[in-house]
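Please prepare a briefing on the structure shown below.

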Amino acid sequence: MTTIKRAADFLPETAPAEAAPGIERIDVTAVASKLAREAYAVRQKIYPKLAHGTFRKVKWAVMAVTLGIYYALPWIRWDRGPNLPNQAFLLDFANQRLFFGPIEIWAQELYFITGLLILSALGLFLVTSIAGRMWCGYTCPQTVWTDLMIVVERFWQGDRNARIRLDNSRWTFEKIWKKTATHISWMLVAVATGGALVFYFRDAPTLAAELMDGEAPIVAYVFLGLFTGTTYLLGGIAREQVCIYMCPWPRIQGAMFDRDSLLISYLGYRGEPRGPHKKGQTWEGRGDCIDCKACVAVCPMGIDIRDGVQLECIQCALCIDACDEIMDRVERPRGLIAYDTFKNLDAASHHDRAPLRLIRPRTILYSAAMALVAAIMLWAWLNRTVLEINVLHDRQPLYVELTDGGLRNGYTVKILNKLHQKRTFQLSTEGLEDAGLSIVGFTDSAAGIDVVTDNLRALKVHVTIPKDERDDLKGASTPFRFVITDLADRSRTYHEATFMGPNHD
Amino acid sequence: MSEKEIDSVTGVETTGHVWDGDLKELNKPLPKWWLYTFYACVIWSIGYWAIYPAWPTLSGYTKGMLGYSQRGEVAKQVAAAKADQAKYFDQIAATPLAEIEKNQELMPFVMAGGAAVFGDNCGPCHGKGAQGAVGYPNLNDDDWLWGGSPDAIHQTIMHGIRSGDPETREMAMPRFGLDGILQPAQIKDTAQYVLSLSGHATDEAAAGRGAALFAENCAACHGEDGKGNQDLGAPNLTDGIWLYGGKAADIEKTIQTGRGGVMPYWAGRLDPVTIKMLTVYVHALGGGK
């Protein structure tokens, strides 16, 4: 057996039980400390203590907002007229459409989603370069749901000390019902989470009724079960293990920080040398850290922030609240643990703080990249058409010789109407002298072609050139255009095509 | 033997097997979770044998309680697809040939079905796009040997050409050279005259000599003006479309050896509605009259 060195092992064995008069020195081990990092470590359970303070309040608010959005979004209605879903946010995979309020994205326009994902990634880079792992600490679903699961756990089992006592006790009736109640509550949260997710993919009120009656599509139950399971497992059971071992982002984010990024840091120059503070002892010649370990006790990741910035730290800022509370009680200034930059921490003198540099090459680069992607998306959106034409030239045969010496080419013309109403079009050609046009199934090629709402219509079209004009064709292929005229407003849409003929020997 | 031997280095029990005097194998049983999963699978498989086809017998296999078979599943799917198509088939059967093309509701089904049937049955000779080849007519153009009306196309598909079917189209081009009706020089002159009908003669003198030969030997079928006769399957010789090639040598060969391409009859091989769909498809390719 190898000896696992824990942060606690670096402390004097004789440390007293009080860190300062009236302030308990919490018996806690930073189980995921970077000083004790190993290739494989058996998981040690973390019992995060409830923190009180500014950042905890902010995190409650963020939790309320993010969960509120998640649960409420599918229920917002949006009137799009008849035959269309009236759900504001709907990922309608069955009909290959995505609806976001007034925006409707078809399957072939999925690049808008790609652009959105690129924007999100760049935004994440930008935020991380400015203020570290804001995403991880406040808004990541893993963080929010873990926080929620801990709330549930605390409701049934009490705070840190009570939970430890319960875990260490024998299986009494009290322990059994408290544990059972916790797991049932977690499962309810998980079901609500998985249940909310499926509403994004099908009309929410309809699906809710179907789920109740057991008549929902099987895929809805599968995903409900899948997300119930993952929420219970990742938020209730696995928690910090997900961030430390499963998530790639902690490894990547190291590349986004620099010396000017605001990171949650222990101000070692102020805190060291740490040690218990006796009543009446002077603060001269010693650090402000009284080694009460309040910061370790509240940490949901099981680390000691005083070891410095580390992979395991999701920068949730709860240690700031814990430390500030202690500093108030020992009447030292707040901010022993605070958002600070490497530049300040490593400065030779700590009397003047280096001003925060928000504008620097890294942030400029990320912002410029975001602006570029946003501009491209906006341009693509403004140039998006509600009518799409596709023309396929027949391959076999490329052209047909007629008895009178004329030439004929066959095409498949596809008209896609993205408007939510029936439209009538007229097909013609431009750029070929005396070209004749016929549409299979139409007695009159100039007749109106109805394309119903939201639909595609494929037409078999023949273009014929008489013998007289045949010699005017330049080479084996002559470019021309199909013209699609909307009979409602006479607006014209063009599509390039090619008329093929024999090679001139 | 019953004594457990413990390996002194690792403290793990050995299996008792010894190689080369001192080489021993540690007893490392399979992980419990793996073993129990395996047992569960064994138990599961027994239920599987009972429910699904599993064991071969001398004359077949055990059918299982559910009576499931993949072949049966396919048969069910085919039957379901047929049932879905039935309303179209009934409608096609009830609609006269010439009317189908005007029916906007039926046409997409007919064109899609016709294309599939054409690709399977007609494509090998006529080409997948019906573009034809030497000896196999292009069905996209408006030049028809036996007529391009829906009824004429239907007749050709039903009974074929020189196919042996009692109602088939029989007429063929005689072997003017091989049967000694025309001499080689006469064949050359006739070929030049035929070429002159579409303005492609290379030897005007020969073409002039061929005029009389044409009137005597060819006009009966191809017509005095060479425009052909669809009742007899005699092609129009005045256009630029040649089934067996339009060069002088090609035409000379045609006159020498005669021509008699064969198209199989499809009545009895394809059902009447399918043949109807095929007819409309070919007619709608562009050359239909």
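In which loop of chain A is A:Gln96 found? A:Gln96 is found in the loop between strand S3 (89-92) and strand S4 (97-100) of chain A; helices (H or I, at least four residues) and strands (E, at least two) are DSSP runs, numbered from the N terminus.

This is a predicted model, in which local features need pLDDT of at least 70, side-chain atom pairs count only at pLDDT 80 or more, and totals for chains, interfaces and linings use all residues. Residues are numbered from 1 along each chain as its sequence is written, while chains are lettered from A and ligands numbered from 1 in the order in which they are written.

**Chain interface**

- On chain A, 15 residues are in contact with 19 residues of chain B, contact being defined as C-beta atoms, placed from the backbone, within 7 Å.
- Strand S9 (400-401), strand S10 (407-417) and strand S14 (455-465) of chain A each give two or more residues to the side that touches chain B.
- The residues on that side of chain A comprise four nonpolar, six polar and five charged; Ala, Val, Leu, Ile, Met, Phe, Trp, Tyr, Cys and Pro count as nonpolar, Asp, Glu, Lys and Arg as charged, and the others, Gly among them, as polar.

**Helix packing**

- Helix H1 (residues 54-72) and helix H4 (residues 141-157) of chain A pack with their axes 10 Å apart, at an angle of about 110°; axes are lines fitted to C-alpha atoms over the stretch in contact, and angles run from 0 to 180 degrees between N-to-C directions.
- H1(A) is therefore roughly perpendicular to H4(A), a term that covers angles of 65 to 115 degrees.
- H1(A) contributes A:Lys59, A:Met63, A:Thr66 and A:Leu67 to the contact, and H4(A) contributes A:Val144, A:Asp147 and A:Leu148.
- By class, the residues of this contact are four nonpolar, one polar and two charged.

**Positive phi values**

- Most residues other than glycine have a negative phi, and most peptide bonds are trans.
- A:Gln96, although not a glycine, has a positive phi of about 55°.
- A:Gln96 is exposed, with 11 other C-beta atoms within 10 Å (exposed: 12 or fewer; buried: 20 or more; partly exposed: in between; C-beta atoms are placed from the backbone).
- B:Ala130 has a positive phi near 60° and lies in the loop between helix H5 (123-126) and helix H6 (150-159) of chain B.
- B:Ala130 is buried, with 25 other C-beta atoms within 10 Å.

**Cis peptide bonds**

- A:Glu272 and A:Pro273 are joined by a cis peptide bond with omega of about -10°, and A:Pro273 lies in the loop between helix H11 (268-271) and helix H12 (294-298) of chain A.
- The peptide bond from A:Gln396 to A:Pro397 is also cis, with omega near -5°; A:Pro397 is in the loop between strand S8 (387-393) and S9 of chain A.

Note on methods:
Contact = placed C-beta atoms within 7 Å. Parallel < 35°, antiparallel > 145°, perpendicular 65-115°, else oblique.
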